[in-house]
Amino acid sequence: MCLRVHMTCHMTRSVNTAARERADRISVKHHHHELTARHGEPDITPTHRLSLSQADDGSRMLGFCCGPVRFCPVLVLMLAVCGGNVVIQRDAQFDMTYYDTVTSDNQTIYSYNHTVSRNKTEGVRVSVELLSESAQSPVLFVVRQKQAVLSFQVPLILRGLYQRKYPYTQVGRTLCQPPTKALAETQFFFVDVSTLSSAGIHYQLRVSRVDSFTLQTDKKFSFNATPSQPQFFKYVFPDGVDTVIVKVNSQKNFPCSVMSIQDIQCPVYDLDNNVAFIGMYQTMTTTAAITVQRKDFPSNSFYVVVVVKTEDEACGGPLRFYPLLPDELLDAGNRSKTLDVIVSPAINSEVYVMGMLFCLGIFLSFYLLTFLVACVESKRMNRKREGFLNADASPAETASLLGKASVSPYEYGSFADNGSTLSSEAVTDSLASTDGNYGCMDRSLESVARSRQESLSSVEEDDYDTLVDIDSDKNIVRTKKFLCVSDLSRKDKRILSKKYQIYFWNIVTIAVFYALPVIQLVITYQTVVNVTGNQDICYYNFLCAHPLGALSSFNNILSNLGYVLLGLLFLLIILQRDILHKRALERNDSTALECGIPKHFGLYYAMGTALMMEGLLSACYHVCPNYTNFQFDTSFMYMIAGLCMLKLYQKRHPDINASAYSAYACLAAVIFFSVLGVVFGKGNTVFWIVFSVIHILATMLLSTQLYYMGRWRLSESHTHTHTHTHLTYSAVEADAVCVSDSGILRRMLYVIYTDCIQQCSGPMYIDRMVLLVMGNLVNWSLAAYGLIKRPNDFASYLLAIAICNLLLYFTFYIIMKLRSGERIQCLALVCVLFTAVVWGFALFFFLQGLSTWQKTPAESREHNRECILLSFFDDHDIWHFLSSIAMFGSFLVLLTMDDDLDTVQRDKIYVF
């Protein structure tokens, strides 16, 4: 008979929904009396109760599935014989608390009705609390609506990491309210309460209307939430507003929570284990902000969902519990959090246009200013040239009066002839006994007469290094106590030009191969963010992140335009100078041939290209900034710092500057360590020890190379005997040049003995020694700081090392320039002062720290700030503006700082 009941119930499920809902609203008591009168049966249940059979254990609510009683009058008798499960249905009221008991033998159904309007959405919230302390089985609550079903159990079990389980006896859920097409409609919903526990379980139920369920623009609303009592609200785009920013704030960092933006559809995913299923979401401690665009929501409305997580690990908090047993339930404690939500209109299209025009206007003004300066400079040079041509003596006559002969455009100054080989008057006095022929170069006429337009398909430096001096000759020249630029500019200009052009072509090649995969990667990152909605992937300043198209933060990308435009402008300036210098060489201008710092533009071209690539890669990094691609933003910063130091050194040491291959190999090693530091350096003592040792050894090795001008070696070699006894070397220099001992350690001990014990001689090159001692102290201090503090941001630490060394060398250069009696021209002085001021402001904005990938995304958002410029740019954007201008100014300083030497003979320009 019970089997027949089960079959009848399945047949009855086909009754149409409308008829079943009308029957559910009929009083159970009326049906009971009707059955008694019809069949003459005595009352088998109390008033308002109906006996139904439980067909099997898997269908505890089967008694109600038959639908209205009046459709199965015979079935009631059969269910009574089978023994029964009692179903109680009652009409319930909003904002009333119901206390009741449920067991496996009875089931309670609460019936509610409310009016749904097309123009107004009314929020409904179901709150349940389990009053029994130790329930054998959970209580199941099923909320049946017209177009949705919501079910949950109490106690609610939420899982954390490592399958930790947290029970919650208080549960609150807001019902999803799908829009209706009717102007006004009365809808019914039912709350079914059931359990499989044989013992009675006490509970309380309350259904209430939600105040301020629909959020108002620019109006703050406060609420409380827990992991088992999430909250969500509805927002409708007002007319004329296409983009809004949703901000959620809290005074407490923990418990960790999640804000989600979801479309108007049921079900709403508002639990910790499913909130990431759809929509956009981000974790938060005190601040969260998501920019929402109308085009992404066809219904012109969306839900703002706030969920408190069961654990704080995702927000950088500690894990307080660890399960001793796999099924052990843990007490989560008080995880209630008070939050505020406010929805504000974002910027409109006019602000976008103003921001772009402002960005272009700033940097294009530098083009105009450069054009005006170039015009003024051109007029000044024309007047100077006219005055020089009108002078009584021609340049050739002037040169002959100075004892200078006409030289080839491919040779430099004092070594073009066999005469003047001394660098200064002081050196002339100290080296009066020299025979004067150690600096001579016997060049074949064929080598000198080669055309400058000759095809040079291979630009290997060794192919063109035709300097015929033997090693002893180089040792004599480069180890003199007083050096002049003419001593270190003896190589053919064509050779050096090709050597330094390699810097430019190599960096172009590096840029192409480096940039293409970077662009592909960040496009993939942005696509993942847009598809998954996970905004924890990228570390934006969410309070000032303005989307455009598929880009989430267009303003941070636009602000990098300055690097590209100013880098291009610098390349144009270098091109103009390069053309003028080549024209001067073609007309055998003696000033271009014999005076000033030798003009080599290859490193300048490389610097301009590096600045442009810095802008491109910084823009790529800001497409989706995070710790995995931070090296994109810093790689060319290392290159810029390295190229600037090389250019400073090249000015006074054109013959012995590093080759492009060795320079870029060293920079590649720096970038390699940067990646290792980002991935493995956080808190890794072994890594920091290894890096610090390498840092110190590299500093000492470079110091030795610079001090001896490359004329030293540690390996055994044949003895080189100098016949020029008039040169006075200290034991260090002599041993560095004449390597005749039988071991590194033995030679080092010998040097220490002779220099420090036997004669205690001072350093031969005092200026160089001062620079290198200061450099070593700075680098050793930085290495010690890194080893002790072990900063999390290794890439910035490495960049700080490069910048400190660059500033130290630049300061030394300026001091030595002034100490040598040289002066800084007005244009260069203006560039120095302007650049220093701009760098100061740029660093101020850089240190504001609007986000940091060293922390969790939620902790990073604590540093977010509102826009401060045109409601479009934030502090970091201003850093981009100012730093690009400062870098451009720094390049101009390097370019113009030695313009005062353009008319000075190279054998009167000191090397330092």
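Select Ile597 to begin: this residue lies in the loop between α15 (590–594) and α16 (602–623), where helices (H or I, at least four residues) and strands (E, at least two) are DSSP runs numbered from the N terminus. The model is predicted, so local features need pLDDT of at least 70 and side-chain atom pairs count only at pLDDT 80 or more, while totals for chains, interfaces and linings use all residues. Residues are numbered from 1 along each chain as its sequence is written, and side-chain values use heavy atoms, with hydrogens and water left out.

Ile597 counts as buried because its relative accessibility is 8%; buried means under 20% relative accessible area, exposed over 50%, and partly exposed in between (1.4 Å probe, protein chains only).

Keep Asp899 and select Arg577. Their side chains meet in a salt bridge at 3.1 Å, N to O; the term denotes a side-chain nitrogen of Lys or Arg within 4 Å of a carboxyl oxygen of Asp or Glu. This pair links distant parts of the chain, with Arg577 in helix α14 (residues 561–586) and Asp899 in the segment after α26 (875–896), 322 residues apart. Arg577 is partly exposed at 25% relative accessibility, whereas Asp899 is buried at 14%.

Remain on α14 and select Lys582 with Asp578. These side chains also form a salt bridge, at 3.9 Å from N to O. Because they are 4 residues apart in helix α14, about one helical turn separates them. Lys582 is partly exposed, with a relative accessible area of 40%, and Asp578 is buried at 9%.

Next, select Lys651, Arg652, Lys817, Glu822, Asp898 and Asp900, which are linked in a network of salt bridges. The count for the model comes to 22 salt bridges.

A further pair to select is Arg173 and Asp270, whose closest N and O atoms are 2.7 Å apart in a salt bridge. Arg173 lies in strand β10 (residues 170–174) and Asp270 in the loop between β16 and β17 (280–284), so the pair ties together parts that are 97 residues apart in sequence. Both residues are buried.

Turn to strand β19 (residues 301–308), in which 8 of 8 residues are buried. Ser301, Tyr303, Val305 and Val307 point one way from β19, and Phe302, Val304, Val306 and Val308 point the other way. Show β14 (residues 231–236), which pairs with β19 in the antiparallel sense over 6 bridges; strands pair if DSSP finds at least two bridges between them. Here Gln231 has Val306 as its bridge partner. Strand β16 (residues 257–263) also pairs antiparallel with β19, over 7 bridges, and Gln262 is partnered by Tyr303.

Then select β6 (residues 139–144) and β7 (residues 149–154), antiparallel over 6 bridges. The two form a hairpin with 4 residues between them, and Val142 stands opposite Ser151. Another 6 bridges join β6 to antiparallel strand β11 (residues 184–195), where Leu140 has Ser194 as its partner.

For a ring contact, select Arg209 and Phe94: Arg209 lies over the ring face, 4.0 Å from the ring centre. A charge sits over a ring if NZ of Lys or CZ of Arg is within 6 Å of the ring centre and within 35 degrees of the ring normal.
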